[in-house]
Amino acid sequence: DHFAVRGQGSQEFIERLKKKNIEFDERRVPDQQIHQIFIKDPDGIIVEINFDKEMDVSHLDSRQ
């Protein structure tokens with residue numbers, strides 16, 4: 001139902017998504033230093049982008 005890729009520059013990526021009004025979800029993988037961003041492609045397929053913990057993702061803890 002989805003595929004995953006590894007990315008770099010999560011903050012810049014988020015800024016670009018916001019500028020283009022692209023909806024996305026974020027998650028932190030428990031017990032790992034991974035920040036995930038999920039978007040849907042034009043066909044509705046979920047794309048998971050995994051970033052090594054590059055930024056403060058503590059705001060995601062309350063969403064678990």
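Predicted model: local features only at pLDDT ≥ 70, side-chain atom pairs only at ≥ 80, totals over all residues.
Local features need pLDDT of at least 70 and side-chain atom pairs count only at pLDDT 80 or more, while totals for chains, interfaces and linings use all residues. Residues are numbered from 1 along each chain as its sequence is written, and side-chain values use heavy atoms, with hydrogens and water left out.

Helix H1 spans residues 10-19; helices (H or I, at least four residues) and strands (E, at least two) are DSSP runs, numbered from the N terminus. Within H1, Ser10, Ile14 and Leu17 are buried, where buried means under 20% relative accessible area, exposed over 50%, and partly exposed in between (1.4 Å probe, protein chains only). These three cover an arc of only 60 degrees around the axis, which puts them on the same side of H1, the arc being that of the directions from the helix axis to the C-beta atoms. An α-helix has 3.6 residues a turn, so residues three or four places apart point the same way. The face turned away from this buried side carries the exposed residues Arg16 and Lys19. Strands E2 (25-28), E3 (34-40) and E4 (46-52) are among the elements that cover the buried residues of H1. After H1 comes asparagine 21, with a positive phi near 55 degrees.

Strands E2 and E3 run antiparallel and are joined by four bridges (pairing requires that DSSP finds at least two bridges between two strands). Glutamate 26 stands opposite isoleucine 37 in E3, and in the hairpin of E2 and E3, with five residues between the strands, aspartate 31 takes a positive phi near 65 degrees.

Phenylalanine 3, found in strand E1 (residues 2-6), is partly exposed, with a relative accessible area of 44%.

Terms used: Contact = heavy atoms within 4.5 Å.
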